Amino acid sequence: MKLSQQVIYQIYPKSFYDSDGDGIGDLRGIIEKIPYLQKLNVDMIWFNPFFVSPQNDNGYDIADYYRIDPTFGTMSDFEELVAKLKAIGIGVMLDMVFNHTSTEHVWFQKALAGDRKYQKFYYLRHAKPDGSLPTNWESKFGGPAWSPFGESDLYYLHLYDPTQADLDWHNPAVRAACAEVVNYWRQKGVKGFRFDVINVTGKAAQLVDAPKGVASKTLYTDTPIVQDYLKELNAASFGQDPDSVTVGEMSSTTIKNSIGYTNPDNHELSMVFNFHHLKTDYVDGRKWSRMSFDFPRLKHLLDGWATGMNAGNGWQALFWNNHDQPRALNRFGDPGRYRVKSAEMLATVIHLMRGTPFIYMGEEIGMTDPDYDSMADYVDIEALNAYRALVRSGYSHADAFTIVKTKARDNSRTPMQWDASPKAGFTTGRPWLRPTNQAKINVVQELAHGEIFKYYQQLIKLRKTLPIVADGDYRTWRLDDDQVFGYWRQLGSQQLLVLNNFYATTTTVDLPAEMVTAKVLLSNYDAVKVQPKMVLQPYQSVALLVNKN
Ligand code: GLC
Ligand code: MG
């Protein structure tokens, strides 16, 4: 199937389904749930890393790219999973974490032991003449980005946790080693690859301080050389499979660069994730802050990216949720009174756009953030560091806790809620993260009485069956409506208008004259009346289709 017709589902293996009662999801658990994935009718599954790892950053600290962590299963479990998914037409996308390795990786260990070859795999630098760290860069998880390299007088760079050492991509041996990893998994039948924070690999050879008032990330993020690296990786690995599907996680990228990464003429990636729309509830760009989302900004970002990528023949990954984000329902919808309608509205926004939709597990049953009441429930390193930093900078416990509660990555990492039982049907043991609202939100309930899952099935089907959804051009509708985000899709003589009410109040939209005779392709409310003054109910989405001839 063409990429434009595909929908990708993301599984956080740790939290999907636990087959052996250790409280942690595993590959055999995923195998058991294949019928569920088939019912949803997705085309590919992106799995977060399940390679050997000390799990300081939940598997994004990889100690061996070639082996499955025993907590998740064995290589034969993996092969069985790939084969069983393949048999029903579902592909596998693996998470390639190539900006850094765990400090437990043999490359880092050899470097520590003095092996020159592997010392060149990492960024090792001396302190400045005054004894201060090599640069003033900050780690994204808090604290400085440099730690002492063993007993030597050197420091190694880590943009994330101190146990995640950055690989030096200037070294051709590093790039070759990464391509080799991709090729190993290709030979196991894997066609999909997600490249973790791939656009921070393009550091300068000479690492220098960020000037005062400038964030250090602007020095190394999204630089032009990343495109050379991607072209090389493409040619040396996945580019040899005509049906490979790749996505780069692009921190603070631009439309221009994202067109570069994804325009097919460049032979780099199939698509990219950008995060600008998910920063519209940050105060001054700061994640660890709280405010309700800025709707005009959100609209302008969604529209600007869709328009720009369309014009440059780029391709975007479309998503609201992933394992690093609190649930979108809590941020852009109404998880209380309009949980169902707002879940469907948010889904409509991305599934009918131009790009490839990603569904994060649980989204299709309307899962929301857990309701924890103490820091003791949070386990993510980023949340724990952020809490400490907030308190240190003067926030009261209560204020710091409220911020963590709305922003922690743990919010999306809670176990998939299969049923209403105390452990949500996820495990027979003690779940590694505690579910809190499974009594109300769970798969059994949703499949028997709910409408969100069915709505997702419809959206997925539309992409597969209607060329305008897969391949139509994106066009701006109007951006000045106070509560509706709408857009056009266009293909040949067909026009699709998608209207989404982002608020809990009813509103009216003046329908363009040519749409008054349109047919309702889809709505999350019954009995929609197409009329010059279209009434939209709380969180209603409507998709209208006309043929201009
Ligand atoms: C990506 C991952 C995130 C991880 C980070 C460092 O952003 O999605 O979970 O912590 O990279 O690897
Ligand atoms: Mg288990």
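**Exercises on cavities and the ligand site**

A search of the whole structure finds three cavities of 30 Å³ or more. This is a predicted model, in which local features need pLDDT of at least 70, side-chain atom pairs count only at pLDDT 80 or more, and totals for chains, interfaces and linings use all residues. Residues are numbered from 1 along each chain as its sequence is written, chains are lettered from A and ligands numbered from 1 in the order in which they are written, and side-chain values use heavy atoms, without hydrogens and water.

**Exercise 1.** State how much space lies in the largest cavity, and name residues that line it.

*Solution.* A cavity is a set of points, on a 1 Å grid over the protein atoms alone, where a 1.4 Å probe fits but cannot get out; lining residues have an atom within 4 Å of a point. The largest cavity holds about 120 Å³. Its lining includes Asn274, His277, Trp305 and Met353.

**Exercise 2.** Identify which residues come nearest to ligand 1, and classify the shell.

*Solution.* Ligand 1 has 14 residues around it (a heavy atom within 4 Å). Asp57, Asp196, Glu249, His323 and Asp324 come nearest. The shell divides into four nonpolar, three polar and seven charged residues; Asp, Glu, Lys and Arg count as charged.

**Exercise 3.** Give the distances from side-chain N or O atoms of Arg194 and Arg409 to oxygen atoms of ligand 1.

*Solution.* For Arg194 the distance is 3.1 Å. For Arg409 it is 2.9 Å.

How values were computed. A polar contact is a pair of N or O atoms within 3.5 Å; within protein, one must be able to donate a hydrogen and the other to accept it, and residues adjacent in sequence count only if both atoms are side-chain atoms. On a 1 Å grid over the protein atoms alone, a cavity is a set of points where a 1.4 Å probe fits but cannot get out, and a pocket is an open set with protein on both sides within 12 Å along at least five of seven lines; lining residues have an atom within 4 Å of a point. Grid points are joined across faces, edges and corners, and a volume is the space filled by probe spheres set on the points.
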